[in-house]
Amino acid sequence: MTIKTSSASVLAGILALSVSSFALPAMADQDQTGAFVVQDGETAPEENIMDSAKPGDTASDDTADKKDKDKALADFVEDKEKIEGLFTFYRDKEKGELFMEISEDQLNQEFIYFIYVHNGVTGVPGLAFRGATGNNQVFSLAKHYNRIDFIEENTNFYYNPENPISRSADANVSSAVLATAEIKATSADKKRFLIPVDKMFLSEALTQLTPDKRPGDKDAGKYGPGKLSSSKSKITDINNYPENSDVIVDYVFDDSKAMPDRDNIGGLPRNGKLTLQHSFIQMPKNDFKPRLDDPRVGYFFQRATDMISHSATPYRDVIDRWSLVKKNPEAALSEPVEPIVYWIENTTPVEYRDTIRDALLTWNEAFEKAGFKDAIQVKIQPDDADWDAGDIRYNVLRWTASPRPRFGGYGPHFVNPRTGQVLGADIMLEQVFVTNRVHYSGLFETTALGLGDDSYTAFAPEQEFMTCSMGHQVQMAAQFGRSVLTSKGATEVEKNELVKQGLYYLTLHEVGHTLGLNHNMKATQLHAYKDIHDTDLTSKVGLAGSVMDYPAINIAGKGKPQGQFYTMKPGPYDLWAIEFGYSPDLEDPAKRRALLERSGEPALAFGNDADDMRAPGKAIDPRVMIGDMSGDAIAFAAHEIALSEDTLSTLLEKYDETGQSWHELRDAFFILSGAKGRAGGVISRYIGGVYVDRAFVGQDTVAKAPYVPVSKADQKRAMGLLRAEIFAPDAFAYPAELISHLQPQRRGFDFRSKGEDPKMHGRILKIQEGILSHLTHKDVLQRITDSGLYGNDYSVAEMMGELTDAIFEADLKGDVNSYRQNLQVSYIKRLVGIVKNKAISHQAHAAAFANLNRVSDWMAKSRRGGSDTRAHRDFLKYTIDQALYPAKS
Ligand SMILES: [Zn+2]
């Protein structure tokens, strides 16, 4: 058990890459007996053990200044620069020391604390990127004799103040003293106190900067930002306003252990710098009514448990939403008193501004459903604006061109954790999104699904819902689309339309996040496969149920009419969700209930990141998936595979521009073959899948039950397609002439020991293994057996038998090509792994055992094929026999 507040880990979660490098401070851990023990061997670099953990400390104890503290405040600040705002600051004009004034009426009051990353570096693991957000919590200030404590409040529990139990509200619920400082001077009326704050801001007292060591991190300690240097770090700016005080700090790290610059793109190798803004914000004074969350709609929320309730689900989680109040409360449709205003940053290329503005305003249609007219407004930040996009008083759509963008788009917001009221939001859009630059690490280093975003797995589970790798997703899809269009001989105008629709969609999606919505990965199921290019239909209701999905690009086959590449408006689910979040009418419990009871309508289907099946073995409903399209995702994936194959067949002819290197051809090849792998992944999820419905008791829904296994026909159809398109001997039979042209353009000393040649065997096996990882995953195998109890009639034995057939049958009587040899070896090793894995179900053990014996027999009997095929079969038989019958072999 890590004793750490949830919010304190927020920034670390955002900051953490897949490696983290720091040991935790020695911490108490609870053993089985319930006693607290201190773990040995976990010591932190000195600077990371903050005074925050030791309330007895003082933030500044320079003996030379001791006598100052008795000085009257007015004398003390006489020669200092005064910066007025929510909290008034004073700065020493010579030494730069910073002091914060706290008045008596600010004591024991709650404030909101929020972290915004002004700038980071993308080459040093653990350091965040521009626009990222961190801690968003409630804090209060308390005076204890001659010191002031900064206390982080625990907002996770609710006690009805009218119930006597509320008097014990702090029982075993801890608030945290983040920092403490000795009072330096007091005003003559004893109502204002001055404390030094340099040490608090230049340390990790308020927010954790360096990532935690995560269990199982094999690279732990190898790479990281290094040690925070309080001498090199500095407070650069203070932006002070009546409702918020922002302190901007440059954090510098010594001895940085940067990640090797594998992509040769020029990250900062050492002494990474992180610029953070700490905002202290006044609690909003309004009659904002928190709205309780509901599992049928996807909002970000603030977690709170009702500690007195007798309910089995004592949740008082409140959704994140803006405060919108009707100017005319009686009118069915009224303008809000204060609209939500977004500013397009003046760094945005002029040619994209109209698209971004139009996409933003499209959301107004959803707000009309909730009773608001023109709820969203858009302005352009003037070139000579006297505010900066990091100013939290402005909601800004920012445009940046980072060297290694972690996101093509990112839509963070910050809230009042007590109520869920959204107080501000930004949207980050990356230049890479509109370029033709291929994101190599996403493309080559991930599984067959090529999920594009290497930062995904880096986030702590509670953070995953906050992240959005939509930009990469759409960018990869757009590049697939471009390659297909190029091969179809499309004009530049048509290709630009694709980029424009992608940017429109990206904007709609990221704005959706800032409105409080999380993902809806089920939304592309909206239309029947035959209808997805029917623009009469899709322009009216949208191409998907929601813009909060990661869709496949909707691209037509050769000679077929092309509809919308992406959905261009909030879909039925979005309209419904915004009504749920924003309609003032829903204060009425009956109306709220009636609206939520519509969740069974197919157009309102919802499933988010917690339910999506992007990673092998994860989740259970194949409709909740990224990179898919239509109510028949299997058919659409098969269509994508056909498009990919068709495009690849003419690739050499299309990329024939004299004077160009082969680089673009190579990119197109990898994009197209990767798309095939991703489509295979979508198909594979139907095998062993179970459809999930979130409807409550008594709702009118098409689903017969919350859990309905995928029909045997669809599971077998999926297996048949995988057999033909992914596992067949000729599934990746690309012509030699194409492979021999896959040359990247050389830059300096690239390649080095890696070599520049196309490594096709590794590439193809990775695609196939990505799919095998799902089909042989212990959770999938267990679920196939479990779901047999409520309707699944495709058993593990039958599934695994067909998979074995798919991988062996076609070339039993002849030569086994080199791709297929690799596939067969990989599969056999997996079956051996299943037999030996004690954590796997008995049914899976038995099926794997049976199939290994089948293959062993085949290998013994089949003596056809050339010498390499015979050697391969002998090796397979030896591998199986040694695993199953070690005594005999
Ligand atoms: Zn997203």
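Which residues of H18 meet which residues of H21? In this predicted model, local features require pLDDT of at least 70 and side-chain atom pairs count only at pLDDT 80 or more, while totals for chains, interfaces and linings use all residues. Residues are numbered from 1 along each chain as its sequence is written, and side-chain values use heavy atoms, with hydrogens and water left out.

To take the opening question, Met760, His761, Ile764, Leu765, Gln768, Glu769, Leu772 and Ser773 of H18 meet Ser818, Tyr819, Asn822, Leu823, Ser826, Tyr827 and Arg830 of H21, contact meaning heavy atoms within 4.5 Å. These residues divide into seven nonpolar, six polar and two charged (Ala, Val, Leu, Ile, Met, Phe, Trp, Tyr, Cys and Pro count as nonpolar, Asp, Glu, Lys and Arg as charged, and the others, Gly among them, as polar). Helix H18 spans residues 760-775 and helix H21 residues 818-836; their axes come within 10 Å and cross at roughly 35°. Axes here are lines fitted to C-alpha atoms, for helices over the stretch in contact, and angles run from 0 to 180 degrees between N-to-C directions.

Helix H13 (residues 633-649) packs against helix H15 (residues 663-684) at an angle of about 160°, with the axes 9 Å apart. That angle makes H13 roughly antiparallel to H15, a label for angles over 145 degrees. H13 passes H15 in a left-handed crossing. The residues of this contact comprise eleven nonpolar, four polar and three charged; among them are Ala633, Ile634 and Glu640 in H13 and Phe669, Lys676 and Gly680 in H15.

Turning to the strands, seven of them form an open antiparallel sheet in the order S10-S8-S7-S6-S15-S14-S13, two strands being paired if DSSP finds at least two bridges between them. Strand S10 (176-182) and strand S13 (227-240) are the edge strands, each pairing on one side only. On average, neighbouring strands of the sheet are turned by 30° against each other, direction ignored. Within it, strand S6 (residues 110-119) and strand S7 (residues 133-144) pair in the antiparallel sense over six bridges, and phenylalanine 114 has asparagine 136 in S7 as its bridge partner.

For the protein as a whole, the secondary structure comes to 23 helices and 26 strands, taken as DSSP runs numbered from the N terminus (helices H or I, at least four residues; strands E, at least two). Buried residues, those under 20% relative accessible area with a 1.4 Å probe and protein chains only, make up 57% of the 889 residues.

Technical notes. Angles under 35 degrees count as roughly parallel, over 145 as roughly antiparallel, 65 to 115 as roughly perpendicular and the rest as oblique. A crossing is left-handed if the near helix is turned anticlockwise from the far one by less than a right angle, and right-handed if clockwise. Buried means under 20% relative accessible area, exposed over 50%, partly exposed in between (1.4 Å probe, protein chains only).
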